[in-house]
Amino acid sequence: MRVDLADSVRRFWDADAATYDRSPDHGAATPTERAAWSAALARLLPPAPARVLDAGAGTGFLSLGAARLGYQVTAVDLSPGMLARLRESAEREGLSIEAVEGGAEHPPPGQFDAVIERHLLWTLPDPAAALTAWRQAAPEGRLVLFEGLWGRVDPIERLRQQAREGWRRLRREPDHHHGHYDAELVAELPLATGAHPDEFIRLVEQSARAPSAYTGLTASWRAWAGAPRGASLATHPEVDP
Ligand SMILES: C[S@@+](CC[C@H](N)C(=O)[O-])C[C@H]1O[C@@H](n2cnc3c(N)ncnc32)[C@H](O)[C@@H]1O
């Protein structure tokens, strides 16, 4: 990734770190959601204590969830501000997570049993190169992408998104982020306006040269409140979609 691009992305997320975890979209707002995420991780990952790399870990939503389940987690992120939050949360819970500052396109050395990511691919200038690097970091392992339907991809989802946004404003809840990427940055990122699951599957199959499985994780009872709506793509043939 170009240095100026990486700097802009890092600055954005350093500034977002203070409030990122306040958004119900970014965490698990209820015990049920937390249990659902935990079940999804346990189902999609190889058995604990496998070695898991969380790419673009941010404040550690997936890293913390995996560490709670007994995985050995390495979290990599460009933003020291986001990683500082992750370290604080891990310490609070007595969890051991290795947090590495750096680009997810260049994973820390070592072989992993799984690479996981949530909502990172949209902010990478070359998602295919990152997927290839992750496959090399876990050649025999599993790649699990948690992605959502958002942006311009799906007209129905777009309407839901607008309704959720209206509801948030009505309730005077703070925005999910402190700001937005500027147009110049967005122009450098091929998935920054959203991508359909077809696109992710194509990317995984081309870059990581692995078969994909797709699991819908839509929690419809919470969709209006902006709960985690995601799709996970796992490139391991044993995954039961
Ligand atoms: C939308 S947040 C997602 C954070 C976390 N995965 C989650 O699910 O809450 C995107 C994260 O990706 C990180 N990031 C963006 N580009 C990156 C890159 N090239 N390498 C590593 N981290 C990156 C940002 O710093 C930010 O923490």
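I began with the make-up of the shell around the ligand: its residues divide into 12 nonpolar, seven polar and three charged. Here Ala, Val, Leu, Ile, Met, Phe, Trp, Tyr, Cys and Pro count as nonpolar, Asp, Glu, Lys and Arg as charged, and the others, Gly among them, as polar.

The model is predicted: local features need pLDDT of at least 70, side-chain atom pairs count only at pLDDT 80 or more, and totals for chains, interfaces and linings use all residues. Residues are numbered from 1 along each chain as its sequence is written.

I then listed the shell, which holds 22 residues, the closest being Trp 13, Gly 56, Gly 58, Ser 79 and Arg 118 (near means that the C-beta atom, placed from the backbone, lies within 6 Å of the molecule). Helix H1 (3–20), helix H3 (61–68) and strand E2 (72–77) each give two or more residues to this shell (helices, H or I, of at least four residues and strands, E, of at least two are DSSP runs, numbered from the N terminus).

Next I checked E2: five of its six residues are buried, so E2 is largely enclosed by the rest of the structure (buried means 20 or more other C-beta atoms within 10 Å of the residue's own, all placed from the backbone).

I looked up the partners of E2. Strand E1 (residues 51–55) pairs with E2 in the parallel sense over five bridges (pairing requires at least two DSSP bridges), and Leu 53 stands opposite Thr 74. On the other pairing, E2 runs parallel to strand E3 (residues 97–101), also over five bridges, and Thr 74 stands opposite Glu 98.

How values were computed. Buried ≥ 20, exposed ≤ 12 C-beta atoms within 10 Å, placed from the backbone.
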